[in-house]
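My entries follow in the order in which I looked things up.

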Amino acid sequence: MINTPKHLVYTLQVDIKEIESILNNIDSFYREKIEIKKDKFGKPKLDAKGQPKKRIINPSTKRLKIIQTRIHRNILNKIEMPSYAFGAVKGKDNIVNAKQHQGKRYKFTTDLKDFFPSITNKAVFKMFVSQDFSPEVSSILTKLTTYKGKIPQGAPTSSTLANLVFIKTGDILQEFAQENNATFTSFVDDMTFSSAKDFKSKIPQILEIITNDYKISHKKTNYSRNPNITGLHAMNNHLKLPKSFLSKLESTENKTTEQIAGLRMYKEKVYKANYGKNLVDDTI
């Protein structure tokens with residue numbers, strides 16, 4: 001990979017003095033934004049009191065954002081992603097992810113709680129070193145892609161970085177799944193396992209592997225035959241849109257023309273994934 005700062009600045013088309021200046025004034029290159037958490041269908045998530053859940057994100061700005069975009073394009077995208085990763089991976093999406101679990105009778109889903117904030121700069125540094133970047137270059141890349149000791153939500157590099165850091169745990173989960181005739185996929189912070197055979201007795205081992213480095217959302221942890229897998233239900237021979245999506249599609253109230261078109265386009269995309277052809281009528 002990249003072993004010297006000289007090679008790094010050439011790859012990023014930036015001067016080392018500018019990198020030093022940015023790192024010395026890093027707070028000037030991030031902004032803080034309070035965002036309402038939404039579910040997979042764009043509805044606000046509510047807390048126990050019925051109030052919208054919020055989170056603080058830190059989008060990068062100015063030259064740092066440009067440099068991070070180059071890091072993503074010229075460095076991170078060149079690192080091979082594992083086959084089980086489907087989120088924030090070129091050519092893959094939530095539909096392709098759910099498709100992997102179609103025809104499997106038993107399914108287990110869980111969600112990594114506060115995934116981005118839980119990934120430290122130390123973990124990012126170790127990931128770069130494991131990918132054969134020199135310690136010096138790994139240190140510079142880590143400083144350019146983490147903020148306040150963790151991966152910032154809202155930066156161009158964050159989702160791919162999270163995938164790469166997760167490989168350490170993901171590879172163990174993948175090996176465990178293969179040993180137990182199960183299928184495992186990750187979609188950023190959504191984990192899914194499926195099998196033709198009942199593997200409920202294996203769930204404590206799966207959770208032990210995950211919780212060695214991450215926390216899980218117990219509300220989103222589910223073992224059943226028909227859970228929601230990245231916004232879809234993986235049936236025996238097709239993917240099924242959930243009722244909540246279909247209800248949202250039927251109601252045009254308070255929706256723009258673009259939003260309605262986007263919902264219909266998504267429905268057609270699922271149909272094509274199921275049947276290999278475009279939707280010609282209004283049913284799935």
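**Entry 1: strand β5.** I began with β5, residues 190-195, in what is a predicted model. I found the strand mostly covered, with six of its six residues buried. I then noted the side-chain directions: Asp190, Thr192 and Ser194 point one way, Met191, Phe193 and Ser195 point the other way, and all are buried.

**Entry 2: neighbours of β5.** I looked up the pairing with β3 (residues 106-111) and counted six bridges, the two strands running antiparallel. Across this pairing, Asp111 stands opposite Asp190, and Phe108 stands opposite Phe193. I turned next to β4 (residues 183-187), which is joined to β5 by five bridges and is also antiparallel to β5. Here Phe184 has Phe193 as its bridge partner. β4 and β5 form a hairpin with two residues between them, and I noted a positive phi of about 60° for Val188 in the turn.

**Entry 3: the sheet.** I traced an open sheet of four strands in the order β4-β5-β3-β6, with antiparallel pairing. Its edge strands are β4 and β6 (222-224), each of which pairs on one side only. The twist from one strand to the next averages 15°. I then checked the helices that pack on the sheet. Helix α8 (residues 158-179) touches β4 and β5, and its direction makes about 160° with that of β4. Helix α9 (residues 203-211) touches β3, β5 and β6, and its direction makes about 25° with that of β3.

The side chains of Arg63 and Glu18 meet at 2.6 Å, N to O. Arg63 lies in helix α3 (residues 62-74) and Glu18 in helix α2 (residues 16-24), so this pair ties together parts 45 residues apart in sequence. Arg63 is partly exposed at 29% relative accessibility, and Glu18 is partly exposed at 24%.

Arg55 and Glu35 form a salt bridge at 2.9 Å, N to O. Because Arg55 belongs to strand β2 (residues 54-57) and Glu35 to strand β1 (residues 33-36), the pair ties together parts 20 residues apart in sequence.

Lys168 and Asp213 form a salt bridge at 3.7 Å, N to O. I noted that this pair links distant parts of the chain, with Lys168 in helix α8 and Asp213 in the loop between α9 and β6, 45 residues apart. Is Lys168 buried or exposed? Lys168 counts as exposed, because its relative accessibility is 58% and the cut-off is over 50%. Asp213 is partly exposed, at 39%.

How values were computed
Residues numbered from 1 in each chain as written. Predicted model: local features only at pLDDT ≥ 70, side-chain atom pairs only at ≥ 80, totals over all residues. Heavy atoms only, no water. Buried < 20%, exposed > 50% of the residue type's maximum accessible area, 1.4 Å probe, protein only. Pairing = 2+ DSSP bridges. Axes fitted to C-alpha atoms, helices over the stretch in contact; angles between N-to-C directions. Contact = heavy atoms within 4.5 Å. Salt bridge = Lys/Arg side-chain N within 4 Å of Asp/Glu carboxyl O.
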